[in-house]
Amino acid sequence: MKLRINGQQMEVENSVRNIEDLLNFFQLQERIVVVERNGEIVSKEQYSIQTLNDGDQIEIVHFVGGG
Amino acid sequence: MLKIGDKTFQSRLMLGTGKYPSFEIQKEAVEASGAEILTFAVRRMNIYEPSQPNFLEMLDLSKYTLLPNTAGAKTAEEAVRIAKLAKASGLCDMIKVEVIGDDKTLLPDPIETLKASEMLLEEGFIVLPYTSDDVVLAKKLEELGVHAIMPGASPIGSGQGIVNPLNLSFIIEQANIPVIVDAGIGSPADCALAMEMGADGILLNTAVSGAKDPVKMAKAMKLAIEAGRLGYEAGRIPKKRYAQASSPTEGMLTT
């Protein structure tokens, strides 16, 4: 499946079906992150429910140092 | 005690978390500062480095209130998007609205800041806008219902201190919400001056993270803010043009 993640086109394995799978794929499941899919924030409860589609635009963001 | 929205704080210092020499020094500096509110930025994760260390994840989050900023936003819509992402973490409901209008000076865009503040208030955020030191803008933001107003002392990271104390005093005098002096602080003296003028708190980052000894500077800022606040509460004497003797003028041996 082709996804655009954090502005980059990439191909992920077909076993990646939802956000939970995606975070596991990148080993981010334990990190404090927030996910946006096609401009909409995905709540944690939806991680295993929302199915990813080819061409989805995903943003995975976190907190960094700032003033 | 500082009250912002429904939250109260003992410390009047809000500390930024950017640009420290190391996480170890940063952790010590945060502790030395006594700050209860820490600011953060929201950025894309480097998904290829899942084990990269993250300062926020090292903190005992029961001890701190997170104040994410919308840095990077140039429009109200971008600021709202960042704010919503921050809130979706479930870790915070406060937001520092930061909409930059000029890349060289990093001064805030007043119109977009006002728009973003209005939109975020409607979304139920506790809204703390970073603004220029304009009393009219401060009044309009207060009328909207923001929970604190954060005028800059001078451009972000410049360390120039309070370049327009007159403007800042206008804001402090008219505000019925907390005034947090944000950006441009360079030294403990700047903090003390702002607090003596009646500011309710200080938000700073580079002045500590960029100091030769950030931990020592964090403590210096803490003490300066406390001293300035006490001085404000105590009420300073008026300035006089000529001297007034401290010792009695009666009973002098030379008369």
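This is a predicted model: local features need pLDDT of at least 70, side-chain atom pairs count only at pLDDT 80 or more; totals for chains, interfaces and linings use all residues.
**View 1. Overall form of chain B.** The secondary structure of chain B consists of 9 helices and 10 strands. Along the principal axes, the C-alpha trace of chain B spans about 85 × 40 × 35 Å. A compact globule of 255 residues would have a radius of gyration near 18 Å, and the 20 Å of chain B therefore agrees with this value.

**View 2. Burial and contacts within chain B.** Of the 255 residues in chain B, 49% are buried. Where contacts in chain B join residues at least 6 apart in sequence, 65% of these contacts are between residues at least 24 apart.

**View 3. Helices H5 and H6 of chain B.** Two packed helices are described by the angle between their axes and the distance between the axes. In chain B, helix H5 covers residues 135-144 and helix H6 covers residues 165-174. The axes of these two helices come within 9 Å and cross at roughly 25°. Angles under 35 degrees count as roughly parallel, and H5(B) and H6(B) are therefore roughly parallel to each other. The crossing of H5(B) and H6(B) is right-handed.

**View 4. Residues at the contact of H5(B) with H6(B).** From H5(B), the contact is made by B:Val135, B:Ala138, B:Lys139 and B:Glu142. From H6(B), B:Phe170, B:Ile171 and B:Gln174 take part. By class, the contact of H5(B) with H6(B) has 4 nonpolar, 1 polar and 2 charged residues.

Notes. Residues are numbered from 1 along each chain as its sequence is written. Chains are lettered from A and ligands numbered from 1 in the order in which they are written. Side-chain values use heavy atoms; hydrogens and water are left out. Axes are lines fitted to C-alpha atoms, for helices over the stretch in contact, and angles run from 0 to 180 degrees between N-to-C directions. Helices (H or I, at least four residues) and strands (E, at least two) are DSSP runs, numbered from the N terminus. Angles under 35 degrees count as roughly parallel, over 145 as roughly antiparallel, 65 to 115 as roughly perpendicular and the rest as oblique. A crossing is left-handed if the near helix is turned anticlockwise from the far one by less than a right angle, and right-handed if clockwise. Contact means heavy atoms within 4.5 Å. Ala, Val, Leu, Ile, Met, Phe, Trp, Tyr, Cys and Pro count as nonpolar, Asp, Glu, Lys and Arg as charged, and the others, Gly among them, as polar. The radius of gyration is taken over C-alpha atoms; the globule rule is 2.2 Å times the number of residues to the power 0.38. Buried means under 20% relative accessible area, exposed over 50%, partly exposed in between (1.4 Å probe, protein chains only).
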